[in-house]
Every structure is written in C-alpha cells, then in structure tokens.
Amino acid sequence: MIFKKIQKTIRKTIFAIFLAIATMGATYASSLDWNVGVTSQYLWRGMSQGNGAAVSGGLDYTADNGFSVGTWVSNVDFGDDTSYELDGYFGYSFGPVSVGYIYYAYPDGDDLDFSEISISGEIGPVTLGVAVLADADWEADLGDDPYFSLDTGFTLKEGLDLGIHIGHYDYEAGDAETDYGLSLSIGDFSFGIMDSSRDDSDPKFIISYGFSGSL
C-alpha cells in the first residue's frame, strides 16, 4: 500500500512538471498553439465519458527539432464525484514516426489516473498507431491493454473533409473490443457517427465545434 502511494506521488509530480513545461513554453516556443472545443458528447475510443455536452481546451508547444509537450482539459461525468479530466503529454516526431507519453489525470476522482506510451506512423494518407499502459492507479503492468488504431481522411471538396477511424482494444482482462466511426468536417464544425462492438453499445451521433490559434 505504501509503495503504491509512493508510485502515485511520483506520477503526479512528473505530471505537474509536464504542465509547467507546457505553460512555460510561451517564453521559449518555436510554436505555441491553443485550442478550444465543444462537443455534444465526449467519446474516447468509443466509450462515453459522460452524458451531455463537454467543453475542452488545450495548449501545445512544438519545437523545431520535433519535440512537443502539451496539456488538455475537459469536463467528464462518470456518475461519481469526478468532474474533469486533465491530461499532460509529450512526444517526439522524426519523419513519419511519432512516439509519445500521456498521463490521464482525474484530480477529483478516486484511483482513476493512468498513463500510456504510444508509437504511430504515417503511410501515405493512413496513420497506424498502438498505445499501451505505462502505469495505472489500479493493478496493471507495463504493456497491458494495447490499443491499435487506424485513421485516415480524404478531402471530398474544398472545405469538406471525411475522416475514418477504426480502433481495437485487446484487454488483459475481459473481451477485446473494436470501435469505429466516420466524421465529416465542414470548416470548424464536425459531424460524426461512432459505434463499438460492446454489447450495450448503440451508434452515437456527435456534433462538435472547435477553433484554435497560435500565441
């Protein structure tokens, strides 16, 4: 129990450092970008993160050498006291390949925090990726629960883009699950339909609006 608390403290300290670096990027940034969005429902890998609309915002610093660090926040509702998600992440891109680490924090939740390491590569218009657990508040080992993803997109005509996503979760405990979706982007608006292979899953229709800029 004591060892678990120490692990959790270390992860939260590292996470705080990520946030500090992302915030300080305003002084040293090669590129410092912000984003704000609202969606009719926050879905993550086909799983709803709460009923009703969600508002999110993020800050990302990207250096000329391919290094990046950022933070992102959104409201969530799991039916308990958890009210928001706060992520910190960093990564490095070299050519078409990117590697990264992300910490998912739920500051007012109970033993929900976890982190992942990931790698992705671009092959023409297709992006292939895999993410695995790095650590978690619950019992888990490095490399557990790999999530494989395939994403691609096409411009149908100027100002109208089609996105396609397929993801597959290979859980260490429990059945594997696949999620999939289509999205249509028109300017700053996005309209999507998503579903998954979960027994209780029904198609979900999502409307989102987002805008971004540079500092």
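Start by selecting R45, which sits in the loop between β2 (43-44) and β3 (47-48); strands here are DSSP runs of E with at least two residues, helices are runs of H or I with at least four, and both are numbered from the N terminus. This is a predicted model, in which local features need pLDDT of at least 70 and side-chain atom pairs count only at pLDDT 80 or more, while totals for chains, interfaces and linings use all residues. Residues are numbered from 1 along each chain as its sequence is written, and side-chain values use heavy atoms, with hydrogens and water left out.

Stay on R45 and look at the backbone: phi is near 55°, a positive value in a residue other than glycine. Most residues other than glycine have a negative phi. Is R45 buried or exposed? R45 is buried because its relative accessible area is 15%, where buried means under 20%, exposed over 50%, and partly exposed in between (1.4 Å probe, protein chains only).

Next, select D111, in the loop between β7 (97-105) and β8 (114-123). Phi of D111 is also positive, near 55°. With a relative accessible area of 41%, D111 is partly exposed.

Trace the closed barrel of 12 strands in the order β1-β4-β5-β6-β7-β8-β9-β10-β11-β12-β13-β14, with antiparallel pairing. From one strand to the next, the twist averages 20°; axes are lines fitted to C-alpha atoms (for helices over the stretch in contact), with angles from 0 to 180 degrees between N-to-C directions.

- Click N35 and find its bridge partner, G58 in β4.
- Move to β5 (residues 67-75) and β6 (residues 84-94), which pair in the antiparallel sense over nine bridges. Here S68 has G91 in β6 as its bridge partner.
- Then take β6 with β7, antiparallel and joined by nine bridges. L86 stands opposite A105 in β7. These two strands form a hairpin with two residues between them, and G95 in the turn has a positive phi of about 65°.

Which residues make the nonpolar surface patch? Select V36, V38, V55, I186, F189, F191, I207, Y209 and F211, which together form a patch of about 740 Å². Patch residues have over 30% relative accessible area and no salt bridge; nonpolar side chains (Val, Leu, Ile, Met, Phe, Trp, Tyr) are joined within 5 Å, and like charges within 9 Å. A salt bridge is a side-chain nitrogen of Lys or Arg within 4 Å of a carboxyl oxygen of Asp or Glu.

Click V38, in strand β1; V38 counts as partly exposed because its relative accessibility is 36%.

Finish with the whole chain selected. Of its 215 residues, 35% count as buried. The accessible surface comes to about 12,200 Å², of which 62% belongs to carbon and sulfur atoms; areas come from the Shrake-Rupley method with a 1.4 Å probe, and for residues only the protein chains shown count as cover.

Conventions: Pairing = 2+ DSSP bridges.
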